[in-house]
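User: Could you give me a close look at a single part of this one? I'd like one connected walk through it, with cut-offs as you go.

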Amino acid sequence: MNFELKVALRFLKDGRGQTVFILLGIAVGVAVQVFINTLIAGLQIDLVNQTVGKSPHVWMVGQSSYEAALAANEDANYFRGNFEALTSPLKNWENIETILGSRTDLTAIVPVAEGSAFLIRTEETVPVVIKGMDIADADGIYGISESIVSGTASPGGDQILIGSGIASDYNLEIGDIVTLTIPGIRNQNYTIGGIFSLGSVTDDTWVVMRLSQAQKFLGLGSDVSKIEMQVADVYSAETIGGELQARFSGASVNNWIENNTSLLAALNSQSMSSLIIQIFVLFSITLGIASVLAVSVVQKSKQIGILKAMGTKDRQVSRIFLFQGAMMGVLGALAGGGMGVGMVRMFLWGTSLETGTPLFPLTIEWVRIVVILSIVVASSTLAAVIPARRSLKLNPVEVIRNG
Amino acid sequence: MAEKTNCKYVLKAEGLVKVYGTTVKTEVLHGLNFSVKSGEFTSIIGYSGSGKSTLLNILGALDVPTEGRILFCGEDYGKMKPDELADFRNKNLGFIFQFHHLLPEFTAIENVLIPTWISGVSGHQREKMNRRAEELLEMVGLKAFIHNKSTDLSGGQQQRVAIARALINDPTILLGDEPTGNLDTETTDQIYDLFRKINQTYGTTLIMVTHNDQIAKRSDRIIELIDGRIHSDREKAEETRADVG
Ligand SMILES: Nc1ncnc2c1ncn2[C@@H]1O[C@H](COP(=O)(O)OP(=O)(O)O)[C@@H](O)[C@H]1O
Ligand SMILES: [Mg+2]
């Protein structure tokens with residue numbers, strides 16, 4: 001074994017109590033880092049997933065007639081209130097869909113015919129949202145097939161699907177006939193073919209039907225209202241949205257990020273505070289090691305003096321202390337990493353005691369942990385730099401003289 | 001007697017002056033000149049405070065003179081870089097201090113081996129060095145204690161480990177600052193015999209600062225310092241040296 005390493009190891013072993021305490025300190029700090037890091041990451045993934053897991057990340061609508069008018073640069077006194085609909089239907093959407101289909105960063109593309117209507121059931125009039133889409137396409141975003149609580153997932157003929165909230169509020173069952181109406185425009189009877197429960201407010205408002213059914217009911221002809229999309233990396237929605245907007249200047253492209261600025265700001269400040277906690281933990285680990293080694297330089301001044309007298313070079317002496325710092329870092333980091341993973345497992349176990357599933361899922365990301373541990377080892381080694389430099393000033397003659 | 005080097009004077013001190021302090025200056029050595037022959041056993045004696053330790057530390061390249069220079073076989077210490085000096089001390093000099101100064105974290109044999117670790121011994125050399133360390137410890141009468149923690153040894157035993165340590169790299173010069181200073185007469189005698197044996201077996205040049213008349217009288221040459229000056233420098237005739245031990 002390398003001489004400096006051997007001496008460093010022996011110095012650490014000899015300062016048993018001191019070494020154990022500082023190692024414990026490092027380990028606890030690292031454990032906190034690993035735990036907080038995993039917790040915050042898990043929490044954020046869960047929050048984002050709840051927000052956009054089952055909704056479109058990017059969507060494209062036809063330009064509003066207001067915007068269209070502006071784009072046409074007409075001098076007339078247009079103002080928003082003049083227009084019944086803020087958006088106009090998307091024409092030529094099949095072509096757009098084909099072009100979108102060639103992009104690999106889009107994981108779901110769903111053309112939707114959407115509009116408001118009332119559902120009439122005997123005396124009751126219920127405001128609903130008509131979502132016309134091919135169920136197979138829609139599953140890519142909403143997972144409707146797997147959310148069916150009764151009836152069919154593939155409505156045929158005059159069948160439609162309704163949300164479980166509507167079904168229970170108005171006592172609707174499979175096979176019941178209901179009327180959908182757009183006052184003054186259309187009245188149409190439909191049979192309830194299935195009831196879905198997506199676990200969100202949409203269960204109280206959505207009526208899902210086939211795209212062609214909705215096109216006909218809403219009077220869209222062969223147009224759709226919009227194309228909804230999901231992307232592989234939710235945080236890239238803004239970029240992808242921008243690209244699509246540039247590509248399809250006649251349409252209007254939106255994304256979830258612009259619509260959730262406050263959530264994202266909250267996530268950001270959460271990440272920031274997690275980072276600050278971790279920096280402070282790292283800082284105190286570093287200070288702890290630096291102070292232990294500073295004391296050690298004084299405690300071992302006699303040994304260092306002798307080693308120097310026997311021909312140990314300054315470089316070697318400082319390496320003895322750098323190695324001590326590094327070894328404390330490695331041992332503390334490994335112990336702390338283990339403790340941190342243990343804490344994560346405890347959390348998962350503890351929060352699932354009552355409900356059977358954890359409060360929110362946490363995944364132990366080894367890459368993240370390895371990064372934390374490496375930073376700790378690097379800072380521990382850095383912490384030894386000042387003590388190591390101090391050891392250089394030790395004059396062997398002083399030590400020899402004073403016994 | 002085996003010669004270690006082919007130069008006649010292994011050490012030459014030329015005009016050594018040592019001044020301590022920067023604001024209040026104390027001149028401790030006032031221009032010393034002398035040479036040490038290869039294979040010679042020299043004692044340096046003198047009252048406490050006469051500058052013996054200061055001189056020895058300068059001879060051992062641990063301290064630098066304020067004026068003058070030291071030549072080792074003609075080579076000036078002052079011209080060597082810090083790393084070269086460290087290497088030089090490791091390879092050519094062996095130190096024995098008054099307060100033995102073993103590293104308490106290591107065993108007896110490990111302490112003896114430390115100088116070889118410093119210079120870095122390769123794989124096959126390591127075995128050889130281990131055997132040499134064992135032999136040296138056996139020579140100083142510590143065969144049974146080689147794996148003892150150095151703190152578990154008596155003062156005399158520790159001092160003998162320190163002697164073995166000073167010899168491990170087969171130094172040209174062995175320097176001792178009152179190496180028997182706090183040992184009893186019987187141990188002192190044994191250690192003197194050991195010095196003589198080392199001197200005769202390996203041809204090592206010995207320079208020992210000592211208070212002990214017994215040791216001084218039995219060495220080849222006695223340099224007496226008074227107030228930082230050489231008061232007397234007595235050499236025994238060559239032919240009487242061998243049978244002194
Ligand atoms: N670092 C130092 N600073 C100032 N004075 C010193 C220092 N070291 C030694 N001295 C003084 O130098 C003189 C010689 O000391 P030293 O060489 O230790 O003598 P000896 O070993 O013969 O007792 C003493 O007066 C001592 O006080
Ligand atoms: Mg002295």
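Analyst: Chain B shows an accessible surface of about 10,700 Å², and carbon and sulfur atoms own 48% of that (Shrake-Rupley method, 1.4 Å probe; for residues, only the protein chains shown count as cover). Keep in mind that this is a predicted model, where local features need pLDDT of at least 70, side-chain atom pairs count only at pLDDT 80 or more, and totals for chains, interfaces and linings use all residues; side-chain values use heavy atoms, without hydrogens and water. Residues are numbered from 1 along each chain as written, with chains lettered from A and ligands numbered from 1 in written order.

On the inside, 55% of the 245 residues of chain B count as buried, meaning under 20% relative accessible area with a 1.4 Å probe, protein chains only. Chain B's fold is put together from 8 helices and 10 strands (DSSP runs: H or I of at least four residues for helices, E of at least two for strands). Take the contacts in chain B (heavy atoms within 4.5 Å) between residues at least 6 apart in sequence: 74% of them join residues at least 24 apart.

As for overall shape, the C-alpha atoms of chain B fill a box of roughly 45 × 40 × 40 Å along the principal axes. Its radius of gyration is 18 Å, which agrees with the value near 18 Å for a compact globule of 245 residues (taken over C-alpha atoms; the rule is 2.2 Å times the number of residues to the power 0.38).

Finally, charges: chain B carries 29 positive and 34 negative ones, with mean positions 3 Å apart. Lys and Arg count as positive, Asp and Glu as negative, with His and the chain ends not counted; each charge is placed at NZ of Lys, CZ of Arg, CG of Asp or CD of Glu.

Terms used. Buried < 20%, exposed > 50% of the residue type's maximum accessible area, 1.4 Å probe, protein only.
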